[in-house]
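My notes follow in the order I looked things up.

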Amino acid sequence: MADIPMEAFLTSFEAFQTRDTAVLSEVQERIDETGQVNQNILNYLIRLSAKSKLSEEKQVASIHSITGDVMRIAEIADNFIKYTKREVSDKLVFSDEVRGQLDEMVESIRRLYGLTKRVILEKDLAQMPALDAEEERVDAYRKQLVDSHIDRLNRGVCQPESSGVFINLVSNLERLGDHLTYIAHTEEG
């Protein structure tokens, strides 16, 4: 289930970077598909929960938690649709340096997603220290990007109009990292 919204997120991020609104309907279809898969899983969990033993309830609750975090990833992809539309309609400008830093942050999120999949699908808890370190890198990127943005604003190098989109975008990237980490940590039970 998580592959669908992650693909939607990565496509929406690329659309933001390239100012390409043509792919946004495709991203929305993936977000909608995620919602449908989520609803099917929730319906199944409800039926399963009614027949499960107390010992199985913890596993059902864990799956429910994971699907909630996966839906948050889909919501972040949806936010990127809005950021892209606003970037284009308001003619917001982001420097190549900023776009490069955003690429680095998203590359860190890709690594975090790979580690999360290993933890969940392979039950490879030995990846947890690397996963937590990668999540800390994502947090550090957020802080660095926001601090450098404020510095550029103070120096008059940056459009003040871009601040709302930029700060929210970077915060959403950091939240995506959080949700991936929450998913992985469900394996620790």
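How much space lies in the second largest pocket? I got about 190 Å³. I'm working from a predicted model, where local features need pLDDT of at least 70, side-chain atom pairs count only at pLDDT 80 or more, and totals for chains, interfaces and linings use all residues. Residues are numbered from 1 along each chain as its sequence is written, and side-chain values use heavy atoms, with hydrogens and water left out.

**Entry 1: pockets**

Rolling a probe the size of a water molecule over the atoms shows where empty space is left. My search ran on a 1 Å grid over the protein atoms alone with a 1.4 Å probe; a pocket is an open set of points with protein on both sides within 12 Å along at least five of seven lines, and lining residues have an atom within 4 Å of a point. Points are joined across faces, edges and corners, and a volume is the space filled by probe spheres set on them.

I listed the lining of the second largest pocket: Lys58, Gln59, Ser62, Ile63, Ile66, Lys123, Thr186, Glu187 and Gly189. Sorted by class, that lining holds two nonpolar, four polar and three charged residues. (Ala, Val, Leu, Ile, Met, Phe, Trp, Tyr, Cys and Pro count as nonpolar, Asp, Glu, Lys and Arg as charged, and the others, Gly among them, as polar.)

The largest pocket holds about 370 Å³. I found 16 residues lining it, with Met1, Ala2, Ile66, Ile120 and Leu121 nearest its centre. Ten of the lining residues are nonpolar, two polar and four charged. Helix 3 (54-89) and helix 4 (96-122) each give at least two residues to this lining, and the largest share, five residues, is from helix 4.

**Entry 2: the chain as a whole**

I counted six helices and zero strands. (Both are DSSP runs numbered from the N terminus: helices are H or I with at least four residues, strands E with at least two.) The C-alpha trace spans about 60 × 35 × 20 Å along its principal axes.

Two packed helices are described by the angle between their axes and the distance between the axes. My axes are lines fitted to C-alpha atoms, for helices over the stretch in contact, and angles run from 0 to 180 degrees between N-to-C directions.

I started with helix 4 and helix 5, which pack at about 160° with axes 9 Å apart. They are therefore roughly antiparallel (the cut-off is over 145 degrees). Their crossing is left-handed, which is the label if the near helix is turned anticlockwise from the far one by less than a right angle. I sorted their contact into 13 nonpolar, five polar and seven charged residues.

Next, helix 5 (residues 128-154) and helix 6 (residues 163-185): their axes come within 10 Å and cross at roughly 170°. This pair is therefore roughly antiparallel too. The contact has eleven nonpolar, six polar and seven charged residues.

**Entry 3: helix 1 against helix 6**

Which residues of helix 1 meet helix 6? I found Met6, Phe9 and Phe16, meeting Val165, Leu169, Leu173 and Leu176 of helix 6 (contact means heavy atoms within 4.5 Å). By class, this contact has seven nonpolar, no polar and no charged residues. The axes of helix 1 (residues 3-18) and helix 6 come within 13 Å and cross at roughly 155°, so the two are roughly antiparallel. I noted a left-handed crossing here.

How values were computed. Parallel < 35°, antiparallel > 145°, perpendicular 65-115°, else oblique.
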